[in-house]
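Here are a few notes from my read-through, in numbered points. Have the model open while you go through them.

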Amino acid sequence: INPRFIHLPFQVALNQDYPGNSFNISTMMEEWENQSGYPLLNVIKASDDEIIVVQERFSNDSASINPWWIPINYATALDPDFTKTTADFWLEGSWATIIRNTTAIRKWNAGDWFILNTQSNFYYRVNYDDSLWTAIVNQLNAPGVGYSQIHNRNRAQLISDSFYLAQADIISYKIPFSIM
């Protein structure tokens, strides 16, 4: 079967959700269909005004890979809107992108938490740098109902991602246990 025909209904839906964009679903899906593993997005706070998102493959297989097309959305402490679950932007087959606070859809302050993948709608794991993990853990453990600022699906995602990352020896088990 020609993949173009399989992807056609998805292309129609993509065009409806993102009018004016010329995304080609066959190009986007090629890496998802033809390589093992799945993306791990590393979120790095480069400065108070810049967040860098770098993708790598999360898999035991060491075969060479190409970068995925990855939909990105996020919430911040300053704008904790977890209701928008469509992509704010795409990592369009590139290894990294920079989100600048000056042009970002959702702003943040120094020391704020920043969470990718609102309501865990997309298929990737997320690892944060130490400062962002700390901010997330502090919010989840804040007195009262501080944890409720972060959507329950994202709280589950944070637990799942952090345990997988600790098991892979990427982060310390201190992080998932602090989240729990």
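1. Start with the Asn pair: the side chains of Asn-127 and Asn-42 make a polar contact at 3.2 Å. Keep in mind that this is a predicted model.

2. Is Asn-127 buried or exposed? Its relative accessibility is 9%, and the cut-off for buried is under 20%, so Asn-127 counts as buried. Asn-127 itself sits in strand β8.

3. Now for what surrounds Asn-127. Leaving aside residues up to four places away in sequence, Asn-127 touches Leu-40, Leu-41, Asn-42 and Val-43, along with Trp-133, Leu-165, Ile-170 and Ile-171.

4. Zooming out to the sheet: four strands make up an open sheet with mixed pairing, in the order β6-β2-β1-β8. At the edges are β6 (96-100) and β8 (125-128), each of which pairs on one side only. On average, neighbouring strands of this sheet are turned by 25° against each other, direction ignored.

5. Which strand pairs with β1 over nine bridges? That's β2: residues 38-47 (β1) and residues 50-58 (β2) run antiparallel to each other.

6. Last, the helices. Helix α3 (residues 130-140) lies across β1, β2 and β8, and runs at about 100° to β8. Helix α4 (residues 152-167) also packs on the sheet, where α4 touches β1, β2 and β8, with its direction at about 75° to that of β8.

Note on methods:
Residues are numbered from 1 along each chain as its sequence is written. This is a predicted model: local features need pLDDT of at least 70, side-chain atom pairs count only at pLDDT 80 or more; totals for chains, interfaces and linings use all residues. Side-chain values use heavy atoms; hydrogens and water are left out. Two strands pair if DSSP finds at least two bridges between them. Helices (H or I, at least four residues) and strands (E, at least two) are DSSP runs, numbered from the N terminus. Axes are lines fitted to C-alpha atoms, for helices over the stretch in contact, and angles run from 0 to 180 degrees between N-to-C directions. Contact means heavy atoms within 4.5 Å. Buried means under 20% relative accessible area, exposed over 50%, partly exposed in between (1.4 Å probe, protein chains only). A polar contact is a pair of N or O atoms within 3.5 Å; within protein, one must be able to donate a hydrogen and the other to accept it, and residues adjacent in sequence count only if both atoms are side-chain atoms.
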